[in-house]
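Hi there,

Here is the structure I promised to pass on. Have a look first, and my notes on it follow below.

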Amino acid sequence: MSALLTLDSLSLTTPDAKALFSGLSLTLGHERIGLVGRNGCGKSSLLQVIAGRQRPAGGHVRRVGRVGLLEQRLEVQGLRWAEGLGVGEDWQRLKRIERGKPLADDIELAVWDLESRIETCLRDMDLPVRSLDSPLEASSGGQRTRLALARLILARPDVLLLDEPTNNLDAEGRALILRLVSEWRGGLVLASHDRDLLEHVDRIVELNPVGCTVTGGGWSSYVAEREARRERLADAVESAQLGLRQAKSAGQQRDERKARSDGQGRAARRSGSQSKLILNAQRERAQGTDSRTVAASARQISEAEAALRQAREQLEVIIPLQIAIPPSGLASGQKVLTLDDVALERGGRLLFEGVSLVITGQERVLVSGANGVGKSSLLALVSGGLEPSSGEVRRHAPLAILDQHVGFLAPHQSVRENCQRLNPELSDNDVRAALARFAFRNEAALKPAGVLSGGERMRAGLACLFAGSAMPSLLILDEPTNHLDIEAVELLEAALQGFDGALLIASHDRTFISALAPDRCIELG
């Protein structure tokens, strides 16, 4: 297999020189590699390094052929479709030729099949074939992601780099990305938290500060190896704990033997049964032996403590955090929400009409539909953020909404200050206890919400929502996994699976939806 990309002992650091990972060596041929790891572990930075846009802290990158990078954001301000597709100059050249006013080298440099290639690419990306002089600013987030993909494909790279390509895409858009990944015949490096997408790669590379791992196969193979690795590290911690106990026990036994020996020596001196010269010589030899034994014992305990510390540090890197949402106390037959023939119009456009729904007890209801059909607006209507244009919304129990941005957290306030602001009836001790249940203790509770990672922000939001005395019986989830790494998504899944209240969910993450097992689905559009 010819190598299209080689990474040799690569290491990356943050701008303040904090290590992200080191010693990554990898060869990429005509295959697909997935990158996983916690938010901030260096996935996007690694793609920038591979693309030649950023220098590594150490190691080397060797590229064969062209490399194309799909970035998470596409700037559209003041741009037209031709420029967004990266063919602005070639397109203008063809337009000048068409008008009969070519420049000196236009005929020589013209890409004559450009228009047909663009039409084919836009059709493959399920984008409308429109004038390339149209402004990009009116396009949706999903269209911009597809446009960025079309731009890459038009450039015909040998190695394709995809950075969270399914963000902001609906089910159809995700299926398009899945088809691209499955059918790509060059080299491909994919940084994603989309587990369904990661199932279709050939290898998965996990980035973390204690050592990068490479697992053959897709997501299921990686999960099996990850669980085995966690078990091995847990066994290593248990073994190190046993070693430390044994070292301390040996030291205690030595101290007890010395105390008995010293007592016997003092008794012999008092009795006068042996000469003082012999007793003094024996004491000097014993003191020398004791000194060496004490040093050896101290060294053994120190080494055992270091081994335990190292084993715990490695385990903490990959061990999943666990949180538990407090019980809502919702009775199985209690009515939670009623929508009666609800319609919503915004900006002169009818988003939906005739929506009726009753949620009772611990039901889990999925709201589905393509981007733009009004899923988020329906959830905002349920939560009270919007009023229906017609119909009636009746809320029979306390509810709360958690969106992908956790927008109710003030970015300049600490986690503790946010919790106190949102739950003014709580004492300082109550706030500390509520935050501790979601792993915000001591300094972690003092971090401003604006600097939290996606997973931390989600945990902080849940902590604030479930800190008060009126526990939500209905939790509304609006694309909650969009900005979370896989570990945070799995943490959220586990917490929600144990929640005894009702759930109203809008999400395009098929694995997340499957984990929550909705009882029924409302299709909009």
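A word on terms before anything else: helices (H or I, at least four residues) and strands (E, at least two) are DSSP runs, numbered from the N terminus. Please keep in mind that this is a predicted model, in which local features need pLDDT of at least 70 and side-chain atom pairs count only at pLDDT 80 or more, while totals for chains, interfaces and linings use all residues. Residues are numbered from 1 along each chain as its sequence is written, and side-chain values use heavy atoms, with hydrogens and water left out.

**The chain as a whole**

The protein chain has 16 helices and 17 strands. Of its 525 residues, 45% count as buried, where buried means under 20% relative accessible area, exposed means over 50%, and partly exposed is in between (1.4 Å probe, protein chains only). Contact means heavy atoms within 4.5 Å. Among contacts between residues at least 6 apart in sequence, 71% join residues at least 24 apart.

**The cavity**

On a 1 Å grid over the protein atoms alone, a cavity is a set of points where a 1.4 Å probe fits but cannot get out, and lining residues have an atom within 4 Å of a point. Grid points are joined across faces, edges and corners, and a volume is the space filled by probe spheres set on the points. By this rule the count comes to one cavity of 30 Å³ or more, and the volume of the largest cavity is about 40 Å³.

Its lining is made up of Leu-5, Leu-7, Leu-24, Leu-26, Leu-28, Leu-35, Leu-46, Ile-50 and Val-189. At least two lining residues each come from strand E1 (5-13), strand E2 (19-28) and helix H1 (43-50), and E2 gives the largest share, three residues. By type, the lining divides into nine nonpolar, no polar and no charged residues; here Ala, Val, Leu, Ile, Met, Phe, Trp, Tyr, Cys and Pro count as nonpolar, Asp, Glu, Lys and Arg as charged, and the others, Gly among them, as polar.

Leu-7, one of the lining residues, is found in strand E1 and counts as buried at 4% relative accessibility. Leu-7 and Leu-24 are 17 residues apart in sequence and 6.9 Å apart in space, C-alpha to C-alpha. Leaving aside neighbours within four places in sequence, Leu-7 is in contact with Leu-24, Ser-25, Leu-26, Leu-46, Ile-50, His-60 and Val-61.

**The cores**

A nonpolar core is a set of buried Ala, Val, Leu, Ile, Met, Phe, Trp, Tyr and Cys residues joined through side-chain atoms within 4.5 Å. The largest one has 43 residues, and those with the most contacts inside it are Leu-85, Ile-118, Leu-149 and Leu-162. Helix H6 (residues 141-155) supplies the largest share of this core, six residues. A second, separate core of 42 residues includes Leu-366, Ala-434, Phe-499 and Ile-513.

Not counting residues up to four places away in sequence, Leu-149 touches Leu-70, Met-125, Leu-162, Leu-176, Ile-177 and Leu-180. Ala-150 has its place in helix H6 and counts as buried at 0% relative accessibility. With neighbours within four places again left aside, Ala-150 is in contact with Leu-85, Cys-121 and Met-125.

In helix H12 (residues 415-422), the buried residues are Val-415, Asn-418 and Cys-419. They cover an arc of only 95° around the axis (taken from the directions from the helix axis to the C-beta atoms), which puts them on the same side of H12. These residues pack against helix H13 (428-436) and helix H14 (454-465).

Most residues other than glycine have a negative phi. Val-406, in the loop between strand E14 (399-403) and H12, has a positive phi of about 45° although it is not a glycine. Ala-17, in the loop between E1 and E2, has a positive phi near 70°. Val-406 is buried, at 4% relative accessible area, whereas Ala-17 is exposed, at 60%.

One more loop residue: Thr-481 lies between strand E15 (474-478) and helix H15 (486-497) and is buried, with a relative accessible area of 0%. Beyond four places in sequence, Thr-481 touches His-193, Val-489, Ser-507, Asp-509 and Phe-512.

Best wishes

Key. On a 1 Å grid over the protein atoms alone, a cavity is a set of points where a 1.4 Å probe fits but cannot get out, and a pocket is an open set with protein on both sides within 12 Å along at least five of seven lines; lining residues have an atom within 4 Å of a point.
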